Structure formats: structure tokens, C-alpha cells
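Grab a pencil and work through the exercises below. Try each task on your own before you read its solution.

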Amino acid sequence: MTMRVMEKVEMILKLGYVCDHCLGRQFAQLLEGYSNDERGRLLRKVFLMSADAQRKIDIDRANITEQFHSETLKKTIKPSKKHAKCIVCGGLFENLDKWIGKIRKALGGIEFDTFLIGTKLNADLIGREEWLWEKVGIDYCEPIKAEINREIGKRIEKELGKKADLKSPDVNIIINFSTGRVKVEKNPLFIYGEYQKLRRGIPQTIWPSGKYKTSVQQIIAKPVMSATRGEWHKFHGAGREDIDARCLGWRPFVLEITEPKKRHIDLDTLEKKINKSKSVRVRHLRFSSIDEVRQLKSAKPVKTYAALVKTNKDITRKDLKKLNNLVGEIRQWTPLRVSHRRSNRCRKRKVLSLKVRYINKRTFLLTVRTEAGTYIKELISGDSGRTKPSVAEILGVQCVCKQLDVTKIDKIK
Ligand SMILES: [Zn+2]
């Protein structure tokens, strides 16, 4: 095996000047724990030892740049005076400073802790690497792209005190070796929190037509945007209440800020700023991730509602007792009011518990705990028979939900 390695070294060094990185990289799978340039330096030294042992060697002289004292070597090898360019990388590894400088410039003014390096190699570089592989084979080698990414990553870690992160970096640093440009992509910042909506008539997210001037999203995002100086925001809620309903239970959400310039923001200060609003309150703000958005979106928390119900005929306290029959399974066809945007299908949902408080002969307060996805207004009105059973059906009078509050959202497990 030793011979095969040294034969391969000789084959490579015969082709022209090859730098330590590019020499060592052809043996990257050997001697784990070394960097490629360390491997390259070792191999070059061992190769010189062969020469010193008077083995006849045939390599490009440019590969021997150092001075040595051995009389044998002085006779067999004449050190090259000029510093040649590596025939594989074209001197890229010796000129990393140039790229580090460009990267630092591109990162200017951007706050981040973690990064990922991505490179677009030029056709020349790829071509030279493939040419070498055709000549000497690919046993033990590593692609040049992997080494460039790693070496630049090591420098950024050391010089800027940041951390490379393959999974969810704050920024992607994209180096294009064809155009010579460095681009920095700022990954979104995710902030988890829980909100209450204290006023009716506010949609959860931005209303496209501008019919509603504000939304829970805009109220929460405004101070976050000025702190992060991001481009835009997206709001991911764990379900949503109707525009005319209040949400007095704490509803989990994740606010996504795209292309933030600042990440080291004080969430306590933000919480206080948001809570100056009379419409929305937030609590438990913390940094989050795209994974939590997925969890939030698929969660099905049990909810409790308080509904003020009006009837078209008089009812008694005794009538209201019958409503206990509503506990159990109900069937709901897609409500008429949302049928223009949702497909028509039948859902089975469970009413878990229910309480009624008589107010007057045509008004009562209904507190109901249901599975996620139950349409409460339709549970009350019956939606022309599309929800069965319903409050109206059981009471035998027309019922309408005058005011609705979400009073509790159970914890997402
Ligand atoms: Zn090289």
C-alpha cells in the first residue's frame, strides 16, 4: 500500500506544480484527523526522503521549493526558484485571503452567529480536477469543493468568531468562482409567542384587499420589524379565530421575519412594546425555528368558547337543560359562509363539555369545549341543517351567535 501511495504522489508531482492542499486532497480518506495541506506536506517530505535514499525520481522541479542540506539531494534535485501556480487549484488555496476579504465585506452590517458556506466553482477548476482524476485515479480523494468550503469555513470561524452550521445557519455565504462575487443570504428569524386578541373586528393576518386596516400580525410585527430591520414578515398561528371573535385564551404563533439584519434583539423589550396595543397582547416570546412552525400548523388543540346566543322565540331555563344532549359527536358540512373557499365535506367533531347560563328569555351564554376545527357559529345556528345536532335543533327555535370569544386553547403536546 505504501508503494502505491508513493507511486501516486510521484505521478501527481510529475504533472507539474501541485500545492500541498491539492496533493493531500488526493489522499483525503487516509489518516483521518489531518488537514489536506498537512497530508500534502507529509507526502512531499517522505518523497524527498526517497530521493535522499538515492532513489531515482522523476518529478516537476517546481514541486521542490525548500532548501535542503543533503549532498545527495543537491545532486539529484535542483530546487526551483520561481514559485509556480498549482496546476489543479490555480493557486486558490494560497490566495484565500482575497476571498475572505470579499466575504467580510459582503457580511458587513449583518448580525449573525452561524453560517454555511456554499460555492459555485467555475468550469475551469472542475475541468482541471477531472483531468487530474483521469490521470491518477480517484482512490482516497475528496472533491475540491468540499475542501474549499471547509477551509473558508475554518477561517471564518477563527477570524470572525462565528460557528459553521449545516442544519440551520443564520446566513448562507455563497461564493461564485466564475463571477468572483460573494453573496450573503440571510435566513429568516423565527419568534414564538402566544397572543390574545382583545377587540373584535381584527383579522389574524394581513387582509389583502385593505378592508381591514390592521391585523394581529401587523400589530405584533411592527416593533419586531424595526428591531430586526427585516424585509418582510409571515405569521403562523395555531389556528385562527373569526374576525368578529375575540381570543381571550392564549394562542401560540410563530412570527417569521425574512432577511433580518439584526438577530440579537431583546424580546422582553419587544413584548412591552407590543403590549402597549389595546387590541393585542403577547407573552412568552422566545426564538424559534421552522420546525416549530410545522408543529404549530399540524397541532389540533382543544378549545373552549363563550358564545352569546339570541333566539327568535322565548325559552325557559328548563329548555336550556336539554342542551346537555349536545355533548358527544356532531357532524358538520362545510359552512355556507366559507363554502366559496373551502371544499364541501362532512366533518365529525366532538363536543367535549358544555355549560349554559340563562340571561333572559331570548338570550343565554353558552360555554362549550370542543375538538379543534369545530365551527361554533354553525353549532349554534345549525346552518340550515348542515350541522347536526345543533343548539337550534335541540331547542326547536332559531338561534344566532351574537358574540363569540375563544376563552381557552389547550396546550399543544
Ligand atoms: Zn492547489
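**Exercise 1: the zinc site**

The zinc ion has four protein donors, Cys 19 (SG), Cys 22 (SG), Cys 86 (SG) and Cys 89 (SG), at 2.2 to 2.4 Å from the ion. Before we go on, note that this is a predicted model, where local features need pLDDT of at least 70 and side-chain atom pairs count only at pLDDT 80 or more, while totals for chains, interfaces and linings use all residues. Residues are numbered from 1 along each chain as its sequence is written, and side-chain values use heavy atoms, with hydrogens and water left out.

Task: work out what geometry the site of the zinc ion has, and how its donor residues are spaced in sequence.

Solution. 
- Step 1: Recall what a donor is: an N, O or S atom within 2.8 Å of the metal (3.2 Å for Na, K and Ca); water is not among the atoms, so sites may look incomplete.
- Step 2: Check the angles. Those among the four donor atoms run from 106 to 115°, and the site is tetrahedral; for four donors, that word requires all angles to lie between 85 and 135 degrees.
- Step 3: Read off the spacing, which is C-x2-C-x63-C-x2-C.
- Step 4: Cys 22 sits in helix H2 (residues 20-25) and Cys 86 in the loop between helix H4 (71-76) and helix H5 (96-106), so distant parts, 64 residues apart, are linked. Helices here are DSSP runs (H or I, at least four residues) and strands are runs of E (at least two), numbered from the N terminus.
- Step 5: Look at accessibility. Cys 22 has a relative accessible area of 0% and is buried, and Cys 86, at 3%, is buried too. Buried means under 20% relative accessible area, exposed over 50%, and partly exposed in between (1.4 Å probe, protein chains only).

**Exercise 2: two salt bridges**

Solution. 
- Step 1: Start with the term. A salt bridge has a side-chain nitrogen of Lys or Arg within 4 Å of a carboxyl oxygen of Asp or Glu. The structure holds 34 of them.
- Step 2: Glu 129 is in helix H6 (residues 123-136) and Arg 25 in helix H2, 104 residues apart. Glu 129 is buried at 7% relative accessibility, and Arg 25 is buried at 0%.
- Step 3: Glu 151 is buried at 9%, whereas Lys 154 is partly exposed at 39%.

**Exercise 3: a salt-bridge network**

Task: locate Lys 377 and Asp 242, and name the network they belong to.

Solution. 
- Step 1: Lys 377 and Asp 242 form a salt bridge, their closest N and O atoms lying 3.0 Å apart.
- Step 2: Lys 377 is in helix H12 (residues 376-381) and Asp 242 in the loop between strand E6 (232-237) and strand E7 (246-258), so the pair ties together parts 135 residues apart in sequence.
- Step 3: Lys 377 is buried at 18%, while Asp 242 is partly exposed at 24%.
- Step 4: Through shared partners, salt bridges join Asp 242, Asp 244, Arg 337, Lys 377 and Glu 378 into one network.

Technical notes: Four donors count as tetrahedral if all angles lie between 85 and 135 degrees; four count as square planar and six as octahedral if opposite donors are over 155 degrees apart and all others between 65 and 115; anything else is irregular.
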